[in-house]
Amino acid sequence: QVQLVESGGGLVQPGGSLTLSCAASISIYSFSHMGWYRQTPGNQRESVAVITYGGTTTYASAVKGRFTVSRDNAKNTVYLQMNSLKPEDTGVYYCLAKNNQNYWGQGTQVTVSS
């Protein structure tokens, strides 16, 4: 059973920074890619940032230049560094790991507000 445990969410003022972590229970080399998704009330989860097995990264246009996805293979952990946060970045952030099926973390709340 694959488990993904997210951490690092919280309340931050506009312009601030947060780093989210997603720790996997197995080697992250088991996955073709891992990513971060965001969900707000009444909306579907949307992709924020993805990192592939080969290390290629892609970002939603709304976060490009502000967010950085990275990984630590030794710790089986993927990170999302979020800078210059805006109120519209508020939401529940979920970690996804994909091989022949999708695995989701439990989500971590990020609130950007003054």
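**Notes on a predicted model**

1. Let me start with serine 84, which sits in the loop between E8 and E9. Strands here (E, at least two residues) and helices (H or I, at least four) are DSSP runs, numbered from the N terminus. Serine 84 is not a glycine, yet it has a positive phi of about 50 degrees. Its relative accessibility is 40%, so serine 84 counts as partly exposed; that class lies between buried, under 20% relative accessible area, and exposed, over 50%, with a 1.4 Å probe and protein chains only.

2. A word on the basis of these notes: this is a predicted model, in which local features need pLDDT of at least 70 and side-chain atom pairs count only at pLDDT 80 or more, while totals for chains, interfaces and linings use all residues. Residues are numbered from 1 along each chain as its sequence is written, and side-chain values use heavy atoms, with hydrogens and water left out.

3. Another loop deserves a look for its backbone. Asparagine 76, a residue other than glycine, has a positive phi near 55 degrees. You will find asparagine 76 in the loop between E7 and strand E8 (77-82).

4. Strand E8 also holds glutamine 81. At 28% relative accessibility, glutamine 81 counts as partly exposed. Its side chain is joined to that of asparagine 83 by a polar contact of 2.8 Å. Such a contact is a pair of N or O atoms within 3.5 Å; within protein, one must be able to donate a hydrogen and the other to accept it, and residues adjacent in sequence count only if both atoms are side-chain atoms.

5. With neighbours within four places in sequence set aside, glutamine 81 is in contact (heavy atoms within 4.5 Å) with Ser17, Leu18, Thr19, Arg66, Phe67 and Thr68. The C-alpha atoms of glutamine 81 and valine 69 are separated by 6.4 Å, the two residues being twelve apart along the chain.

6. Now to the disulfide. With a disulfide taken as a pair of cysteine sulfur atoms within 2.5 Å, the count comes to one. Cysteine 22 and cysteine 95 form it, with their sulfur atoms 2.1 Å apart. The pair links distant parts of the chain, 73 residues apart: cysteine 22 is in strand E3 (residues 18-24) and cysteine 95 in strand E9 (residues 91-98). The torsion about their S-S bond is about -75 degrees, so the disulfide is left-handed. Cysteine 22 counts as buried because its relative accessibility is 0%, and cysteine 95, at 0% relative accessibility, counts as buried as well.

7. Threonine 108 belongs to strand E11 (residues 108-112). With 11% relative accessibility, threonine 108 counts as buried. The side chain of threonine 108 reaches the backbone nitrogen of glycine 9 at 3.2 Å. Not counting residues up to four places away in sequence, threonine 108 touches Glu6, Ser7, Gly8, Gly9, Leu20, Gly91, Val92 and Tyr93.

8. Threonine 111 is in strand E11 too, but at 26% relative accessibility threonine 111 counts as partly exposed. Its side chain makes a polar contact of 3.3 Å with the side chain of glutamine 109. With residues up to four places away in sequence left out, threonine 111 touches Gly10, Leu11, Val12 and Thr90.

9. A cavity here is a set of points, on a 1 Å grid over the protein atoms alone, where a 1.4 Å probe fits but cannot get out, and lining residues have an atom within 4 Å of a point. Grid points are joined across faces, edges and corners, and a volume is the space filled by probe spheres set on the points. The count comes to one cavity of 30 Å³ or more, and the largest cavity has a volume of about 50 Å³.

10. The lining of the largest cavity consists of Ile28, Phe31, His33, Met34, Ile51, Thr52, Tyr53, Arg71 and Val78. Strand E4 (33-39) and strand E5 (46-52) each supply at least two of the lining residues.

11. Finally, lysine 64 is located in the loop between strand E6 (57-59) and strand E7 (67-72). At 56% relative accessibility, lysine 64 counts as exposed. Lysine 64 and alanine 49 are 15 residues apart in sequence, and their C-alpha to C-alpha separation is 8.8 Å.

How values were computed. 1 Å grid on protein atoms, 1.4 Å probe; cavity = no way out; pocket = protein on both sides within 12 Å on 5 of 7 lines; lining within 4 Å.
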